[in-house]
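This report describes how two protein chains are arranged and how they meet. Please keep the sequence and the structure in view while reading.

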2 protein chains.
Amino acid sequence: MHPSRWGDPARAGGLPDGARGLVEMVFGVHERPALDAVTLPASGLADDLLESLRAVVGADHVHTDDATRRLRTRGKSTPDLLRQRSGDLDDAPDAVVRPGDHEEVAAVLAWAVQHHVAVVPFGGGTSVTGGLVARREGYAGLVSLDLVRMKRLLGVDRTSMTATLEPGLRGPEAEALLAAEGLTLGHYPQSFEHATIGGFAATRSSGQASAGYGRFDALVVALRVATPRGEWRLGTAPATAAGPDLRQLVLGSEGAFGVITEVTVRVRPVPAERRYEGWRWPDFATGTEAMRTLAQAGLLPTVLRLSDEAESGLNLAHPDAIGQENADGACLMITGYEGEPEVVEARRAAVAAVLEARGGRCVGAEAGEAWVRGRFDAPYLRDALLDVGVLVETLETATFWSRREAVYDVVRSALQASLGEGTLVLCHVSHVYETGCSLYFTVATPGGDHPLERWLAAKAAASDAMTAAGATITHHHAVGTDHKPWLTREIGELGGSVLRAVKADLDPTGVLNPGVLVP
Amino acid sequence: MHPSRWGDPARAGGLPDGARGLVEMVFGVHERPALDAVTLPASGLADDLLESLRAVVGADHVHTDDATRRLRTRGKSTPDLLRQRSGDLDDAPDAVVRPGDHEEVAAVLAWAVQHHVAVVPFGGGTSVTGGLVARREGYAGLVSLDLVRMKRLLGVDRTSMTATLEPGLRGPEAEALLAAEGLTLGHYPQSFEHATIGGFAATRSSGQASAGYGRFDALVVALRVATPRGEWRLGTAPATAAGPDLRQLVLGSEGAFGVITEVTVRVRPVPAERRYEGWRWPDFATGTEAMRTLAQAGLLPTVLRLSDEAESGLNLAHPDAIGQENADGACLMITGYEGEPEVVEARRAAVAAVLEARGGRCVGAEAGEAWVRGRFDAPYLRDALLDVGVLVETLETATFWSRREAVYDVVRSALQASLGEGTLVLCHVSHVYETGCSLYFTVATPGGDHPLERWLAAKAAASDAMTAAGATITHHHAVGTDHKPWLTREIGELGGSVLRAVKADLDPTGVLNPGVLVP
């Protein structure tokens, strides 16, 4: 991945013509090329430390060159990209170390403890909450612990329908290994093409098909973790009453408690059929009420998402058509069904009956297929918009159904008030539960002279609004460093205290991802 | 509840005639009346402490009389009953205190910290793992914190389909309050008639209908907890990525981290129809494979349980017919469906198609209805058997499907080997998941001269077998003091260390349920 852009350079196509016209009209265009030529700070790790690190994993697996370090600098939030684009690479690691298995991860941690070096576990590098921006003050250096060599499918249990995966597998790599066994994980976050199994677990990722397959935290049945105090294995049964569920303490721990080295997940047969389609709704409220009906009836499709009026109007679900006329207006819903043909057909019929009764109108397969084609592409569009001076970022929350409308209103208002005129705030619901749903906002606004500061102020206003409304600060983007100031508003001062206590117990010298997650 | 017996004395019927004949034949009969006349140890709490406790909650809500203290002594495991029956009441609390709301619970905890008094939270008193047997050495006394006055339905959110309940509500009380709103929780453990909402949460209870309604831990969306360090509220959304899910640290914490004072749970509409029926299977393995098929197809009834050959032969699912001839032999499965009539019918048809294709034979509604009538009665039968010198106890585990048969074999073998000839070991599967299932064993054996020691040795052998086979030490009975010696085999030494760290953080002077759960 390019250090200040998303994904595969070959797929970064610039702005579609229609979008460019729209952008010029709404935001104006001010080309802002990225400054990627800037030199990195030199590696600050002492030679003897580097030498001893090479002894742990082999010289071939310790890297200090600029290109490798640059690619392990920060994640892929818009603030991360803006900092990279402005030439700020201060957060570059001193070295990138690539252990090959659990034992080598453990050995790297032992080395880090011995020499008091900060360690940032690195999977796909797609964090959008500053999860890779660890504190380095007080440490002898900072290394990126890159899991790229740990890509094995360690085992498949066909009877229990579980698979054990190494953390460095990217989404498509994991799916390819499972597909060879006729299996699928079914976890498709927007970052799917780059993010890794370890990252999904460490951040409680949620995929676009989680209505059907479940959030990643719900898919995990067992974990192996390397901590500074040794190996930790969890997960003896699908469910247990043997005290608190400690798996749930590792899930979402963002590399601050240990490095996840194996993840055992629930798998399903590769679906024989996939069917996606679009539905139109007169307004967002009517559509979300229908989603609530489905969730509370236990009648969910595999994919279920609904864009609000603004997002539907912009047709973001169909990036290559942005700016084209969206004549039928109102709100676009995508429904998807995966499984055996008769299951797909039965589920589709049952869902369609509810949606029709609630005022939805099926607009056929084309809208669904278009969404499937473009589902991982929005970050490329963000780069193209940043190139012309438009600030684009996303943020998300979740809340109970009874607060859905209020949370939607206050977060939109906070963003609009902070960013001022000429700001677009789009929203969709893409994850529903019996008791509530997620709200995923996309913001586009002129970057101005200080785009980073503009965004940080807006993000703070949105987070304030979420916590004041009793919603969560993040449904599936984790805490990192960016959400940390709001974390104790959500989990309480005691929650923060408990996280510090667990951190101190598992990582007594504090070498793991210092400054991330734990308040 | 009677201190050394289960439930409502009016329903304690002694052995049915058929059962008595069978018991005489298999075990012999040696009447062993309980010794309930024994006097309790005097309350050891100093007068000034009692006086200050009365100042906290009012004199009416502090009890030191023998009858009240006796009823708060230990729980309802067979070892608990045997100890009570033998006249051992050494674990009696010095006083029983009944706070009326969250603030009074907090005030009692502050009092306990100030005076270093051990506090045992008490809901229904139905623990079967020694969860109410706290350590008292080193404390100025031990009080039972009885939640019996906290029985309010604090709120219903019909849009989100959640309800907020106080912890002292027993199962039927909670259901009655919800039924007045047209709602149900659907949580029916065998202890339903006596156990409480707080206890369900603190022990990760699982109900007989959890295939349809979910385990209790899966029903909880928010919690309020009184800890020695203050109030702790958790739960802002159905799901979040704001770090580890700390709700899952409170669920299963067994009163060792705090006292749960409010529980917000998912609720459903009262089902319009309930339909139960029986199925016969040629053997346990074929029936469990059919259950696995249903679970992995996402096609579960509301209730699904299967007795093995031994349990089916004894007809324990039908206690008033024990000892009658069970002519059609083989294994009995109960399926139950609850919901709107058309949903019940559709689900039943789909499930029945799978069961028939897998070799099951529907034997109609009678077996299902009989199970419903007797579903909460087994503990009464245990009392009647203890009266005639037969030791009866249950234990349970859960494992992944691929280990189901091996775990079943090794636990049965361990129990048989420990208890010797004349021992009956029965088993059923009553909770299934996509990746595995529970195994619930019932053991009947002659008590002999030392029934307590006999059982403790057998229990240890069974727990050893479970952990050696990689299964959990408990699927829904919690840890208490009885399972604690095996806990770190399951969660690792680091898991034990984390529990101690959390305990030390939330309860720094260790007054909460000392000796319970935390290894």
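UniProt annotations may be inferred rather than shown by experiment, and their positions are given in the numbering used here. The structure itself is a predicted model.

## The annotated domain

An unreviewed UniProt entry places the feature "domain: FAD-binding PCMH-type" at residues 89–270 of chain A. This span is 23% helix and 26% strand, and its end C-alpha atoms lie 42 Å apart.

## Two related copies

Chain B is superposed on chain A by a rotation of 180° with 0.0 Å of shift along its axis, and the RMSD is 0.0 Å. The two copies are therefore related as by a two-fold rotation axis.

The surfaces used by the copies may be considered next. Of the interface residues of chain B, 100% are also interface residues in chain A, so the copies meet through the same surface.

## The interface

The contact between the chains involves 68 residues of chain B and 68 residues of chain A. On the side of chain B that touches chain A, at least two residues each are supplied by strand S8 (220–227), strand S9 (230–234), helix H10 (247–250), strand S16 (390–400) and H18 of chain B. The largest share of this side, 14 residues, comes from H18(B). By class, the side of chain B that touches chain A has 31 nonpolar, 27 polar and 10 charged residues.

Helix H18 of chain B covers residues 484–506, and Gly492(B) has its place there. Leaving aside neighbours within four places in sequence, Gly492(B) is in contact with Trp232(A) and Arg233(A). The helix H18(B) lies across S8 and S9 of chain A and runs at about 130° to S9(A).

## The sheet in chain A

Strands of a sheet pair through backbone hydrogen bonds, either parallel or antiparallel. In chain A, 5 strands form an open sheet in the order S5-S6-S10-S8-S9, with antiparallel pairing. The edge strands are strand S5 (153–157) and strand S9 (230–234) of chain A, each of which pairs on one side only. From one strand to the next, the twist averages 10°.

Strand S8 of chain A, residues 220–227, pairs with S9(A) in the antiparallel sense over 5 bridges. Across from Leu223(A) stands Leu234(A) in S9(A).

## The sheet in chain B

A mixed pairing is found in an open sheet of chain B, where 4 strands follow the order S1-S2-S4-S3. Strand S1 (62–63) and strand S3 (118–122) of chain B stand at the edges with a single partner strand each, so one side of each has no neighbour in the sheet.

The strands S1(B) and S2 of chain B (residues 95–97) run antiparallel and are joined by 2 bridges. Val62(B) stands opposite Val97(B) in S2(B).

Is Gly492(B) buried, partly exposed or exposed? A residue is buried if 20 or more other C-beta atoms lie within 10 Å of its own, and exposed if 12 or fewer do. Gly492(B) has 18 other C-beta atoms within 10 Å and is therefore partly exposed. In sequence, Gly492(B) and Glu396(B) are 96 residues apart, while in space they are 20 Å apart, C-alpha to C-alpha.

Ala370(A) is found in helix H14 of chain A, which covers residues 365–374. Because Ala370(A) has 19 C-beta neighbours inside 10 Å, this residue counts as partly exposed. From Ala370(A) to Thr288(A), the separation is 82 residues in sequence and 22 Å in space, C-alpha to C-alpha.

Notes. Residues numbered from 1 in each chain as written. Chains lettered and ligands numbered in written order. Predicted model: local features only at pLDDT ≥ 70, side-chain atom pairs only at ≥ 80, totals over all residues. Least-squares fit on C-alpha atoms with pLDDT ≥ 70 in both. Contact = placed C-beta atoms within 7 Å. Pairing = 2+ DSSP bridges. Axes fitted to C-alpha atoms, helices over the stretch in contact; angles between N-to-C directions. Nonpolar A, V, L, I, M, F, W, Y, C, P; charged D, E, K, R; others polar.
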